[in-house]
Amino acid sequence: MPRSTRLFTRLSLARRRHLRAGVSLHSHTIHSRESFAGVPWTPPLNPAQAVALETAQIQDLGLEPLVSLTDHDNITAALELRATSAGRRAPISVEWSVPWRGAEIHLGIHNMPPARAGERMAALARFTTIPREYDLDDILDWLHEDPSTLIVWNHPLWDEGGLGAARFDSVAKEFLRAYRPWLHALEVNGLRPWKENHRVMRWAAAEALPAISGGDRHGCEPNAFLNLTRAATFAEFIDEVREDHRSRVLMMPQYSHSLVRRLWANWPNRYNRRDEAAILSFPTAGGRLRTGTENA
Ligand SMILES: [Fe+2]
């Protein structure tokens with residue numbers, strides 16, 4: 001069984017000829033509630049705008065787009081998209097908050113079966129509210145039993161809850177030891193520093209898990225990591241990751257820019273008016289100007 005993660009910093013014409021789609025995983029819309037330095041805010045893009053932004057970046061690479069939006073603890077974005085003819089196949093995905101031994105663990109749950117998404121979400125919400133550790137195996141087992149659902153540990157080495165480096169490190173290792181059988185991939189995150197992402201990739205390799213991309217876009221800059229695939233559908237891509245343990249990650253040029261500059265460019269107050277003009281003025285990595293709607 002092949003097990004490999006390959007990281008590319010550019011996509012050559014020769015390589016592109018053997019690929020079919022670019023996959024955008026892990027990004028947020030107006031349906032996520034955020035806090036930045038204690039100030040509550042909401043990402044600026046609605047689901048259609050978010051898909052359009054990610055689609056444009058992937059089409060610029062000459063690939064077909066597969067976009068999975070993952071708001072915090074809700075699937076409203078996917079439900080809204082699926083109510084339109086253009087979005088009827090949108091994957092139902094979520095970034096699930098998993099409180100665990102004092103740490104804030106985030107799991108990306110991608111492509112839940114539409115007929116079961118409601119009951120899945122109810123179980124996830126129950127755990128987030130009342131996190132009884134002994135329930136977690138059952139929930140993960142339940143998610144894992146759908147062969148077309150992907151479970152990704154997002155930004156696994158980010159101590160988001162502020163436990164402290166040593167304590168968080170030990171909790172993260174305990175989490176991996178306990179739940180490794182249900183995790184399909186670890187995430188290389190577009191808003192985390194390279195040193196941390198590099199450690200995640202080494203960790204994934206040591207555990208024989210693929211490392212997979214996650215842009216974690218909150219603002220108007222498209223995801224800084226994508227996956228590349230020969231798959232024609234999102235379910236086929238998931239099969240490639242789950243069964244073949246294969247992942248091709250593409251680092252986009254914006255990732256090499258200063259993180260502080262990128263975060264400033266995405267500072268919520270600059271965009272939280274949901275102002276089309278602000279979205280219009282945000283350049284993609286290739287320097288072209290895109291609106292949030294022109295590709296919708
Ligand atoms: Fe997260």
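Q: What makes a stretch of the chain a helix or a strand, and where does that place Glu160?
A: Helices are DSSP runs of at least four residues and strands are runs of at least two, numbered from the N terminus. In this predicted model, Glu160 is found in the loop between strand 8 (150-153) and helix 6 (165-179). By this way of counting, the secondary structure of the chain comes to eleven helices and twelve strands.

Q: Why is Glu160 called partly exposed?
A: A residue is buried if 20 or more other C-beta atoms lie within 10 Å of its own, and exposed if 12 or fewer do. Glu160 has 13 other C-beta atoms within 10 Å, so Glu160 is partly exposed. Under the same cut-offs, 42% of the 296 residues of the chain count as buried.

Q: How do you know which residues Ala211 is in contact with?
A: Two residues are in contact if their C-beta atoms lie within 7 Å. Leaving aside neighbours within four places in sequence, the residues in contact with Ala211 include Thr5, Ala185, Val200 and Val249. Ala211 is also one of the residues that touch the most other members of the largest nonpolar core, which has 62 residues; Ile151, Ala185, Ile212 and Phe225 are named with it. Helix 2 (residues 47-60) gives the most to this core, with five residues.

Q: What makes strand 7 and strand 8 a pair?
A: Two strands pair if DSSP finds at least two bridges between them. Strand 7 (residues 103-110) is joined to strand 8 by four bridges, so the two strands pair, and they run antiparallel. In this pairing, His110 stands opposite Leu150 in strand 8.

Q: Why do strand 6 and strand 10 stand at the edges of their sheet?
A: The open sheet is formed by five strands in the order 6-7-8-9-10, and the pairing is mixed. Strand 6 (94-100) and strand 10 (211-214) each have a single partner strand, so one side of each is left without a neighbour in the sheet. Neighbouring strands of this sheet are turned by 40° against each other on average, direction ignored.

Q: Which helices lie across strands of this sheet, and at what angles do they run?
A: Helix 7 (residues 194-206) lies across strand 9 (185-189) and strand 10, and runs at about 165° to strand 9. Helix 8 (residues 234-242) lies across strand 7, strand 8, strand 9 and strand 10, and runs at about 60° to strand 8.

Methods. Residues numbered from 1 in each chain as written. Predicted model: local features only at pLDDT ≥ 70, side-chain atom pairs only at ≥ 80, totals over all residues. Core = buried A, V, L, I, M, F, W, Y, C linked by C-beta atoms within 7 Å. Axes fitted to C-alpha atoms, helices over the stretch in contact; angles between N-to-C directions.
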